[in-house]
Amino acid sequence: MANSIQDIIDFKAYPLHDKGFIEASRRTLDETGALLLPQFIQKQIVSALAQEAEACAELAYFTSGTHNVYLTPQDESLPASHVYNRQITSSKGCITTDQVPATSALHVIYHNDDFKNFICQVVGQEAIYPYADPLSSINVHYAHEGQELGWHFDNSAFAITLLIQAPEAGGRFEYVKDLRDADKGEMNFEQVEAVLDGDIAVDTLDITPGTLVLFRGRNAMHRVTPTIGKRPRFLVVLAYNEAPNIALSEQARMTFFGRLG
Ligand SMILES: O=C(O)CCC(=O)C(=O)O
Ligand SMILES: [Fe+2]
């Protein structure tokens, strides 16, 4: 596996230092809530990462419980039927940062200064930091036939994903932009419920293997539809924080990893 960032990212197609490119990327993210960079990762690296994911597949923890769209505990003062308490199924699995092989290109990308500087400028943050816990910074998600990631809002302000292998069908990323305002504590129960009931039209991102996606998932409600066919979906999530020494919430770690550390 290559260790040099030059071998991993296609810098010809994506000049991460270029002011114009950074500005255009930033505008796209602001205007649409998502930035897609197709073939960001060199083809042979995508293949290597797919093999690596395949080799680690048996380590994956599959979510068995349910969660609400806000990824928070139940509120006993509200009825079980309230949208805040409505339980969503997620059946996909994942491996955690400590389980990603030490030689993986994913560690190189995650810690690379050029990559991080680009992300910072596009999302408009001074600096970004890894998670304090050993699980949450880099995750490889696995969705086998019939498995899905249900509707939710992310805890973090933005997410970075990298599709490694697409299923034959399904595994579609669907979202509704700006559905709530987390900073203002605005939950927007009415429209969240409408999305869950299928009463609101949703947008879809067309993501192919090797595509880097930047996504504002804290206020955009999103899901990944069930995988159709025998080929599993492999997707990497690169997660950063706005401040150092922050761990993912225990609730989220137990839901998605089945352990705290
Ligand atoms: O699998 C994806 O494309 C999105 C993953 C996601 O939304 C998440 O991990 O919170
Ligand atoms: Fe998400």
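Predicted model: local features only at pLDDT ≥ 70, side-chain atom pairs only at ≥ 80, totals over all residues.
Asn 245 belongs to the loop between S15 and helix H7 (250-257). Its phi is near 60°, a positive value in a residue other than glycine.

You will find Asn 188 in the loop between S10 and helix H6 (189-196).

One more loop residue, if you'll bear with me. Gln 125 sits between helix H5 (113-123) and strand S6 (138-143). With 16 C-beta neighbours inside 10 Å, Gln 125 is classed as partly exposed. If we set aside the neighbours within four places in sequence, its contacts are Cys 120 and Glu 242. Val 236 is 111 residues away from Gln 125 in sequence, and their C-alpha atoms are 22 Å apart.

Now let's step back to the whole chain. The protein has seven helices and 15 strands. Its radius of gyration is 18 Å, which agrees with the value near 18 Å for a compact globule of 261 residues. Along the principal axes, the C-alpha atoms fill a box of roughly 55 × 40 × 35 Å. Of the 261 residues, 40% count as buried. Take the contacts between residues at least 6 apart in sequence: 88% of them join residues at least 24 apart.

On to the sheets. Seven strands form an open sheet in the order S1-S12-S8-S15-S6-S5-S2, with antiparallel pairing. Its edges are strand S1 (34-37) and strand S2 (61-62), each pairing on one side only. Within that sheet, S8 and S15 run antiparallel and are joined by five bridges. Gln 165, for example, stands opposite Phe 234 in S15.

Strand S10 is worth a look too. S10 (residues 173-176) pairs in the antiparallel sense with strand S11 (residues 203-205) over three bridges, and Tyr 175 stands opposite Asp 203 in S11. S10 also pairs with S13, again antiparallel, over four bridges. There, Glu 174 has Arg 223 of S13 as its bridge partner.

What about the interior? In soluble globular proteins, nonpolar side chains tend to be buried together. Here the largest nonpolar core has 65 residues. Those with the most contacts inside it include Leu 106, Val 140, Ile 164 and Val 236. Leaving out neighbours within four places in sequence, Leu 106 touches Leu 49, Val 100, Ile 138 and Val 236 by our contact criterion.

Finally, the ligand. Which residues surround ligand 1? They are His 141, Leu 149, Asp 154, Ala 159, Thr 161, Phe 173, Gly 217, His 222, Val 224, Leu 235 and Val 237. Strand S8 (159-165), strand S13 (221-224) and strand S15 (233-238) are the elements that give two or more residues to this shell.

Definitions and conventions: Residues numbered from 1 in each chain as written. Chains lettered and ligands numbered in written order. Near = placed C-beta within 6 Å. Rg over C-alpha atoms; globule rule 2.2 N^0.38 Å. Buried ≥ 20, exposed ≤ 12 C-beta atoms within 10 Å, placed from the backbone. Contact = placed C-beta atoms within 7 Å. Pairing = 2+ DSSP bridges. Core = buried A, V, L, I, M, F, W, Y, C linked by C-beta atoms within 7 Å.
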